[in-house]
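Open the model in your viewer and keep the selection tool at hand. Here is a short tour, stop by stop.

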Amino acid sequence: MKGGWFRVYTLAYLVFLYAPIALLPIFAFNNATTVAFPLEGFTAKWFAKLWEEPELHRALRNSLIIACSSSVLATTLGIFASRASTRYRFPGKAGLMGMIMLPLVLPEIILAVALLAVMLGIGMPLSLFTVILGHVLVCTPFSIAILSAAFQSLDQSLEEAAYDLGETPISAFRLIILPLVMPGIISSLLITFTISLDEFIMAFFLAGNENTLPVYIFGQFRFPQNVPVILALGTILVCLSIALLATAEYFRRRGIAKTGGKDTGGFL
Amino acid sequence: MKPTARGRFRGSEAANGLAMISPTAIYALLLLAAPLAMIFAYSFMTDGYLQIIPRLQLCNYFGPCHSYKIVDGVMTEAQTYNGVWTDPLAKALMLRSLIISLVVTATTVLLAFPVAYFVSFHVSPSKKSLWLFLITIPFWTSYLIRVFLWKVILGTGGVINTGLMELGIIHEPISWLLYNANSVVITLAHAYAPFAILPIFVALEKIDRSLLEAGRDLGESPFMTFERVTLPLAMPGVISSVLIVFIPTIGDYVTPLLVGGPEGRMVANLIELSYKKLDNYPLGSAIAISSMGIVVAVSLLFLFLNRRFLKGNKA
Amino acid sequence: MTFSAEKSNMIEFKDVHKYYGDYHALRGITATIKAGEFFSLLGPSGCGKTTLLRTIAGFEGISSGAVMIDGKNMEGVPANQRPTNMVFQSYAIFPHLTVEQNVGFGLRKDPRSKAEKAAAVAEALEMVGLKGYGARAAHALSGGQRQRVALARALILKPKVLLLDEPLSALDKKMREQMQVELIKLQRQVGITFILVTHDQEEALVMSDRIAVMFDGQIAQLADPETLYRRPNSKQVADFIGTMNFLPAQILAEAEGRVEVEAQGFGRISLTADQVSMAPAGANPAIGFRPETLTILFDGQQPQDRESMATVEEVVYYGDMTYYDIKLDGTTAPMRLSMRNVFGRPVLDIGTRARVAWSPGALVLFR
């Protein structure tokens, strides 16, 4: 067998990675309010309860508004930055890119309190909008990481060939570059959507009186009787995330195949 | 030669690039650099209940500090508190955060290395992205739910305890599983696993396989080849994964709150407390800036050690 | 091939300078390329040949001077409005389009009807030998096919000048030689000015009407292939194009268009003025000659002109040719000599003494 002990180890590692997630559906369908063995039998009532929570629906609606806006804005900003960094040489590039990518390695709590301080300092009321501002900041570096790969695999002479054949910079972008990086853009939209939907700290600090899905879930942790409902919600969210990711991965790979590049794997 | 024409060329590419990056850069400047600068400034100001008094002082970092209330335009002293580096609680939390995140980092990276090694060296190229996809999936599923699941798993009435009792292995719940530093370490190590694997994998992928064959050809054992060729070349990846795990974990908020219990609290919880509950922005900012300082110092130390390591290896 | 005066100037470079920051990439290029000419820019990598080509296409601005195409100054004219088209080194075939869509890409704003455009595309594909490939996906093509698509895509627009940036460098040797011949034929057929950038001296000699040899951002020599090969104007050019042997020489006298030289191994010889290169003064003078201009004499053969004695130091057998390194009596360094192999004639062994025939007319003096 190829890999021998490394394969055994890796499989054990994957079990460790997936074990908690595997418990989600088990206890979401378990007919008991406590999460404990032995199992008490099958029920779908926790899922049914999700329909009876108006607060949850409001939080979900808020989260969707935030995730849609943030993913579109972050991807737009990501297109500008990754195009600039892969295509042009200019002074201060490393510094500017470093600053833009900084949220990737900064403890989120610091970003959150800094934004909170600024919002209160300039007197901007906390709302969904302030959460969007924060999420765009967090999502943009991920978008850039995905899009840079897409722009990088573009041969610059493709663009020159389009100019040479009579196109203007704008029509060359529309006819050549955009179609070729489109899979990367879709992949970036899906990933940033997933990140925003899942983001807790920024929303916790910046949402004011509004709830987002993670903030709502966090609030429910205080009520032990609601645990199975949260697990049911978690099951749905995990399925949704996996579906979004699989789609994103599909588009990312198709983009690489389209431009004839080599798959280096992974989003990061 | 006309210097103006020369300047014109340089100007045009540089100008295009700067124009292209400007929306993103301006966004980051306004919503990242400016806020960070602002809390830096706050950390030197004076707390005046629900407002910041622009009176510069160092006491948020060192020494007893006073907060004020302004009643009818008169500043009256309201409270006395300790600066970050003179407050035993803050110091203890920062130290604990540092230790916990160092332990998490070491555990995560050590456990991750063989996985990255396996995927890079023993998986056929066409299947690599599938393996990576499998490894990354848990990372993208709700962080909050994953942390909460650990609470459910490790608790006294939780999955492990009830499972083990059901099997008759134990008769009383093990209480030390949850609400301490251990549970924080386990949860964080689980949460940041994919973060640690990817940079190491990328570094391993870059290694020219003929170098390893050359090592063997020159009469080295597989282990020697690993130690003298693979490991030094993988070191940049190991350092990136160390940093990429260490930096966010030291500032983690959710995990210590949910599974840490009183003895597992970390510095992020203190920052939140100062900002949200105490409304003491100068103190909260001073804590945030101090922990950022620790992050930067430790990161630089890692980078320095790495350079030393690589130099020593060459000699 | 010679060019008569009625051929008009297609490209004119007038003291073109180009800086990248502090790097001086083009240092005063002045040259003229005639209409209908197959012109090559030849030089080692980094000599500025591709940069010069890109100033014609409009992808690079120039720092000073002027680039004229068909009598018009191109300053401020963007690439998409110049009467030139380019075949890129990487071919730059649009991977998301079919062969047809690639070839017809430049016809987007053409007022002709769809059917007429389709006919033009089919015609262009036939011209490059890709009839019937129109519906194929571009990313499924081989290197040679991509090359042809790139050619068709450029030629369909009937440019005044076709620019070729190392178009053959990605092909294997056989394919390259085949494409060289096809490109020459194609150029004669369409009559468009072709400008080829290459670092391969053989390719330039085979294909071009005229060649500009470039070093360090300057044109070292601009001439037809035969002149370049037989009368290189500097040691650098001589070294870059083919092999050239050098022997130290001393100039004795110059008078009435002739130069008297005392050369190691050759003795005293008299050269005509056109045998003297323009290389900068002050360099150590040397006599240069190509490997094939020296011939080993076998028993009984008589030299047509002059004869020297030499010792064989190294033998390299190539099948149709044999290369000898020989040391002429009275010299210190071995010289490369090439002989076509003839059936029944032995290949000499190392250490053999040999008679060598040569002619003063084949020598070049580098002063």
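Predicted model: local features only at pLDDT ≥ 70, side-chain atom pairs only at ≥ 80, totals over all residues.

Residues are numbered from 1 along each chain as its sequence is written, while chains are lettered from A and ligands numbered from 1 in the order in which they are written.

**Stop 1: a serine.** Select B:Ser285. It sits in helix 12 (residues 281–314) of chain B. Helices are DSSP runs of H or I, at least four residues, numbered from the N terminus. B:Ser285 counts as buried because it has 29 C-beta neighbours inside 10 Å; the cut-off is 20 or more other C-beta atoms, placed from the backbone, within 10 Å of its own. Leaving out residues up to four places away in sequence, B:Ser285 touches A:Ala117, B:Ile39, B:Tyr42 and B:Ser43. Contact means C-beta atoms, placed from the backbone, within 7 Å.

**Stop 2: two helices.** Select helix 5 (residues 108–121) of chain A and helix 11 (residues 267–277) of chain B. They pack at about 10°, axes 10 Å apart. Axes are lines fitted to C-alpha atoms over the stretch in contact, and angles run from 0 to 180 degrees between N-to-C directions. So helix 5 of chain A is roughly parallel to helix 11 of chain B, a label for angles under 35 degrees. Show A:Ile109, A:Val113 and A:Leu116 on helix 5 of chain A, then B:Ala268, B:Ile271 and B:Tyr275 on helix 11 of chain B; they make the contact.

**Stop 3: chains A and B.** Zoom out. The contact takes 74 residues from chain B and 70 residues from chain A. On the chain B side, the largest share, 21 residues, comes from helix 1 (residues 3–42) of chain B.

**Stop 4: chains A and C.** Here 17 residues of chain A are in contact with 18 residues of chain C. Helix 7 of chain A gives the largest share of the chain A side, 6 residues.

**Stop 5: the cores.** Which residues touch the most other members of the largest nonpolar core? Select A:Val113, B:Ile200 and C:Ile195, out of 245 residues. A nonpolar core joins buried Ala, Val, Leu, Ile, Met, Phe, Trp, Tyr and Cys residues through C-beta atoms within 7 Å. Another core, of 25 residues, lies apart from it; among them are C:Ala249 and C:Leu271.

How values were computed: Buried ≥ 20, exposed ≤ 12 C-beta atoms within 10 Å, placed from the backbone. Contact = placed C-beta atoms within 7 Å. Parallel < 35°, antiparallel > 145°, perpendicular 65-115°, else oblique.
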